[in-house]
Amino acid sequence: MARCYSVPVPNRQPPCPDSWPDIWLISDARNDAALETALARLPRGSGLVFRHYHLPSAERRARFAALKRVARRFGHCIVLSGNPREARQWRADGAYGAPRTLTHGPAILRLVTVHSLHELGRAHRARADVVLLSPVFATRSHPGGKTLGPTRFRLLAARSQVPVIALGGMTPHCARTLPARKWAAIQAFT
């Protein structure tokens, strides 16, 4: 059975009021126009992972600031795709990315993307606080791509030393089919 904790790692201040959010919205070019509406619809205390790789640096920072204001209005956490130092400079609640980008830097919430048992080990060594395990189901962004499926997701989640967030083809219905109650999506909310 997947181990999903709702308490932060000791000796770090949680960026979110009581526990890690159960629901996360992940931003990119495909859902940018609907993000404000999606943030308003999410349950209070959800999370936003801000990616927006498609924007030039100055525009990306301005869009982050605008979405951060909206997220805060609804009590959401906001995590920046980037290294921990950059996330701290932007006053994000945490940093998101691959283990290699999150290994060094200040103590800040680290959300690490994981696709295999090998990557899960690297996430643990990178001091991940939370892992996004994906893709659980088929996604529109990677049509025909290999997925974990519910069984493999459960097996990998059970090996995690930190909370697990399901990602990839997730919808509220799909989330109910998994033992993990934490999930993230790019297009399910927009």
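Two strands are said to pair if DSSP finds at least two bridges between them. Helices (H or I, at least four residues) and strands (E, at least two) are DSSP runs, numbered from the N terminus.

Good morning. What I present is a predicted model, in which local features need pLDDT of at least 70, side-chain atom pairs count only at pLDDT 80 or more, and totals for chains, interfaces and linings use all residues. Residues are numbered from 1 along each chain as its sequence is written, and side-chain values use heavy atoms, with hydrogens and water left out.

I begin with the sheet. Eight strands form a closed barrel with parallel pairing, in the order β1-β2-β3-β4-β5-β6-β7-β8. On average, neighbouring strands of this sheet are turned by 25 degrees against each other, direction ignored. Axes here are lines fitted to C-alpha atoms, for helices over the stretch in contact, and angles run from 0 to 180 degrees between N-to-C directions. One of the pairs joins β3 (residues 77-81) to β4 (residues 94-97) in the parallel sense over 3 bridges. Ser81 stands opposite Tyr96 in β4.

Next, the helices. Helix α2 lies across β2 (47-50) and β3, and runs at about 160 degrees to β3. Helix α5 (residues 117-125) lies across β5 (109-114) and β6 (130-133), at about 165 degrees to β5.

Leaving aside neighbours within four places in sequence, Arg63 is in contact (heavy atoms within 4.5 Å) with Asp32, Leu35, Glu36, Phe50, His52 and Leu55.

Helix α6 (residues 149-158) has Gly149, Phe153, Leu156 and Ala157 buried. They lie on the same side of α6, because they cover an arc of only 100 degrees around the axis, the arc being that of the directions from the helix axis to the C-beta atoms. These buried residues pack against α5, β6 and β7 (164-167). The face turned away from the buried side carries the exposed Thr151 and Leu155.

Finally, the nonpolar cores, each a set of buried Ala, Val, Leu, Ile, Met, Phe, Trp, Tyr and Cys residues joined through side-chain atoms within 4.5 Å. The largest has 43 residues, and those with the most contacts inside it include Val131, Phe153 and Trp183. A second, separate core of 15 residues includes Val49, Leu109, Val130 and Ala184.

Terms used
Buried < 20%, exposed > 50% of the residue type's maximum accessible area, 1.4 Å probe, protein only.
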